[in-house]
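Me: Can you walk me through this one? Keep it simple, please.
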Amino acid sequence: LLTHFPNGLGKVDDQILIEGRTEEFQELAKKGTMILVPTHCSNLDSPLIGYVLYRLGLPPFLYGAGLNLFHNKLIGFFMDHLGAYKVDRRKKAPLYKDVLKAYAGYSMELGYHNLFFPGGTRSRSGMVERRLKLGLLGMGLNAYIHNLRAERPKPDIFVVPCTLNYQLVLEAETLIEDFLKEEGKSRYIIEDDEFAQIKRIVEFLQGLFSLESRIHVVFSQPLDVFGNPVDGEGRSLDHRGREIDRRKYVVQDGEVRFDPQRDQEYTVELSKSIVAAYCRDTVVGSVQAVAYVVWRWLREANPKMDLYRLLRSGGAQDSLTMPEVHRRLQRTIKALRDLQKRGALRLDQELETSDPAAVFGKALAHLKSYHKHPVIERKGDRLFHYDRQLLLYYQNRLSCVELPS
């Protein structure tokens with residue numbers, strides 16, 4: 001695959017930015033067992049994470065990957081070497097799911113680092129995950145209690161949220177269409193998307209690399225299995241930065257015990273901490289900012305039109321003036337920079353330093369580099385909107401923060 005890109009592996013290294021609490025992540029991997037919980041928007045996420053772990057000097061993490069990912073011979077090759085084991089997501093039998101959970105939990109007890117996407121599947125809407133699946137997430141606490149009772153030398157389980165941030169998403173067109181269909185809301189596996197076509201994968205990556213569109217992989221502050229932040233020494237901390245004895249969370253009458261109701265509440269608290277980390281460490285790029293501006297204008301211009309009709313018709317106006325685009329974009333960029341100063345999210349370098357005209361130009365170039373049909377197009381002094389579903393998809397990345405219209 002790398003032969004399709006200039007400078008081979010060096011080019012890939014330049015495009016993937018590894019950020020956040022990487023040193024803590026590396027140190028804690030020596031002190032206990034890690035559970036990496038990334039956001040999930042593309043089937044490219046799995047090989048991306050595997051490559052990033054390699055660059056950090058960490059071994060492959062165990063994780064369950066859907067059978068459909070192995071159907072693609074190119075990606076399947078990487079999956080076989082990245083610690084993945086096959087999971088048939090079509091099987092609904094409780095016993096099958098229980099066995100998978102037990103396998104993950106026992107592997108943690110044995111000290112094998114694990115990875116799973118707590119959103120369960122790729123985000124169809126483009127939004128950052130807010131509702132997480134608690135079953136597999138709770139196996140970390142389960143393994144921790146087993147480790148304490150067995151008096152293992154390294155009993156601790158640490159959870160590391162991670163955000164994967166692309167300017168463009170390979171399967172964006174299929175995912176948002178699936179999200180908007182009533183029957184798509186319950187469909188768990190998509191096998192007929194862009195990921196199934198090697199040509200589309202190559203085109204997507206070539207577009208990203210030619211525009212120097214960097215992929216941000218951000219590791220958040222590690223957590224214990226109760227949702228408390230953990231420092232590089234492995235100490236759990238309260239909201240004032242004071243050390244917590246986390247063993248006391250699972251001790252009753254002087255003994256380490258399981259308590260299903262209590263443990264469920266702990267896992268809920270952990271999920272809240274993960275979601276908060278996702279929002280803080282989401283990286284916003286020019287595509288998301290411009291999509292937000294155009295989509296919000298469409299909603300304002302058509303206040304009485306429902307979502308589906310607006311997506312089909314485009315509303316009363318087919319375009320807006322470029323001065324209005326720049327005015328709205330300038331206000332949005334200012335708001336985004338203010339949010340970054342408060343630690344509410346992160347910005348790509350373009351949004352940190354460039355003026356609205358440059359941000360708009362970069363977003364337009366990105367969208368043209370991959371999507372087959374124009375999403376937006378500038379004609380003279382006006383900006384026309386064509387693919388409103390993709391506008392909705394990309395602007396949804398900003399759904400976890402408050403921004404002006």
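Me: What should I know before we start?
Reply: This is a predicted model; local features need pLDDT of at least 70, side-chain atom pairs count only at pLDDT 80 or more, and totals for chains, interfaces and linings use all residues. Residues are numbered from 1 along each chain as its sequence is written, and side-chain values use heavy atoms, with hydrogens and water left out.

Me: How many residues has the largest nonpolar core?
Reply: It has 89 residues. A nonpolar core is a set of buried Ala, Val, Leu, Ile, Met, Phe, Trp, Tyr and Cys residues joined through side-chain atoms within 4.5 Å. Buried means under 20% relative accessible area, with a 1.4 Å probe and protein chains only.

Me: Which helix gives the largest share of this core?
Reply: Helix α12 (residues 286-301), with 10 residues. Helices are DSSP runs of H or I, at least four residues, numbered from the N terminus.

Me: New topic. How many residues of helix α17 are buried?
Reply: Seven of its eight residues are buried. Tyr-394 is one of them. Tyr-394 is also among the residues with the most contacts inside the largest core.

Me: What caps the N-terminal end of α17?
Reply: Asp-387 does. One of its side-chain oxygens lies 3.3 Å from the backbone nitrogen of Gln-389.

Me: And Asp-88, buried or exposed?
Reply: Asp-88 is buried, yet has no salt bridge. That would be a side-chain nitrogen of Lys or Arg within 4 Å of a carboxyl oxygen of Asp or Glu. The nearest side chain of opposite charge, Arg-90, is 4.4 Å away.

Me: What does the side chain of Asp-88 reach?
Reply: The backbone nitrogen of Arg-90, at 3.1 Å.

Definitions and conventions. Buried < 20%, exposed > 50% of the residue type's maximum accessible area, 1.4 Å probe, protein only. Helix = DSSP H or I, 4+ residues; strand = E, 2+ residues; numbered from the N terminus. Polar contact = N/O pair within 3.5 Å; in protein donor to acceptor, adjacent residues only side chain to side chain. Lys, Arg positive; Asp, Glu negative; His and termini not counted.
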